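Here are some questions and answers on a structure, written for a first look at it. Keep the sequence at hand while reading.

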Amino acid sequence: MHDFHYRGEELYCEEVPVAQVARRVGTPFYLYSARTLARHVRAFQEAFAARPHLLCFAVKANGNLAVLHLLGRLGTGADIVSGGELHRALMAGIPPERIVYSGVGKTAREIRRALEAGILLFNVESLPELDAIAAEARRAGRTARVAFRVNPDVDPKTHPYISTGLERNKFGIPMAQAREAYARAARLPGIEVAGVDCHIGSQLTELAPFVDALRRVKALVEELAADGHEIRYLDLGGGLGIPYRDEAPPAPADYARAILAELEGWPQTLVLEPGRAIAGNAGILVTRLLYTKETPRKRFLVVDAAMNDLARPSLYQAHHEILPVRRAGPPVGPADVVGPICESGDFLARDRDLPRFPRRALLAVMSAGAYGFTMSSNYNARPRVPEVLVRGERFAVVRRRETLAQLVRGESIPGFLAE
Ligand SMILES: Cc1ncc(COP(=O)(O)O)c(C=O)c1O
Ligand SMILES: N[C@@H](CCCC[NH3+])C(=O)O
């Protein structure tokens, strides 16, 4: 599942002691395992080998150039949602013909860049956006291949903030409007109807919502075929969950079996956009204990990482396991692991049965490889932390710690303030 394990008393990433990296780069930092990333990619590739498919890693989960480069070398493409992510994917060497572009608010400039790059597919989320893409394509003398992202109105049974395929969510177009939308797209110069797309949410731990959504998509594709559209790509989005605690999400092979069974005799190229399932358990956030603070009610472990470094616990009450980098004694009762930020919502873990740690102990916040660094911010003027990639016995800093100079880069004090 992942390559973070104890050897004796010490936590390792692959062949590298985590404490050794901490000595080199200081804390906090993100640490990724190349072996875990590669294993997860291969699990998808092997599971879907029986049919034409394209694995487009969701860059929003982890956009580090080295990570994207590694995934690209293994054959993956990218699912992007902004001009910034397009830039990252191209810089990392991911070929444009393996890039699909989702998101409800693509700007004219972003659309132009994606057209110039020659990406595979625009996943279109509204009719006004379709018109904008058509206009840019005509201006550039190009043709944009499009899929509509349809909203199948399926409950993914996940956290409400990360469910996307319900009618009340802002994503995609309602199924009932799809045929009309495709008819309009087919008439528009600059547009080539190429696929159907759907993505119903993230951290799904059951197969049924995926299968439900796919059945609705299949019914639509049949109608579209009857209307004369040639649907060559079926983009099923991402969303496969991972174990953070005791969840038992389906493995990529189970997910593939369920989908492939539905698609027997369907010739389309399958596009998949996993993010978390590839990167989530391939990364940890390493932090140092600053102070242990005991009050009559609570024990607080104040660490040097905070909600600006890993937002998931504060934002979704997400659970991330906390492991000592050097094994400590037995648990002595509940503690909150909190950061230095001036918000009560600044916690990485709550009410965990944890040992008593020596001062300056290193702690690993597990399963932080997806939506960890990418959601980090500079809140409380905290420089963003470094990212380190391990492969076997080697490791490299793949993003340096932000400096104080970088923290204020681009800011200026206008002269009129002195008047
Ligand atoms: C359009 C789209 N594709 C792919 C993903 C990746 O999802 P996950 O990381 O759950 O696989 C997301 C995020 O939920 C998304 O919005
Ligand atoms: N950022 C979320 C997932 C949202 C997925 C984006 N479509 C998380 O950390 O779980």
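Helices and strands here are DSSP runs, numbered from the N terminus. The model is predicted.

Q: Is Glu343 buried, exposed or partly exposed?
A: A residue is buried if 20 or more other C-beta atoms lie within 10 Å of its own, and exposed if 12 or fewer do. Glu343 has 14 other C-beta atoms within 10 Å, so Glu343 is partly exposed.

Q: Which residues does UniProt list for "binding site", and how far apart are the farthest two C-alpha atoms?
A: The unreviewed UniProt entry lists Arg276, Arg312, Tyr316, Glu343 and Tyr371. They span 96 residues in sequence and do not all gather at one spot, because the farthest two C-alpha atoms are apart by 27.2 Å.

Q: Which residues are the closest to ligand 1?
A: The shell around ligand 1 has 6 nonpolar, 8 polar and 3 charged residues. Of the 17 residues that surround ligand 1, the closest are Ala58, Ser202, Gly238, Gly275 and Arg276.

Q: What is the phi of Asp153, a residue other than glycine?
A: Asp153 sits in the loop between β9 (144-151) and β10 (173-174). With 18 other C-beta atoms within 10 Å, Asp153 is partly exposed. Its phi is positive, near 55 degrees.

Conventions. Residues numbered from 1 in each chain as written. Chains lettered and ligands numbered in written order. Predicted model: local features only at pLDDT ≥ 70, side-chain atom pairs only at ≥ 80, totals over all residues. UniProt positions renumbered as here; feature names shortened; annotations may be inferred. Near = placed C-beta within 6 Å. Nonpolar A, V, L, I, M, F, W, Y, C, P; charged D, E, K, R; others polar. Helix = DSSP H or I, 4+ residues; strand = E, 2+ residues; numbered from the N terminus.
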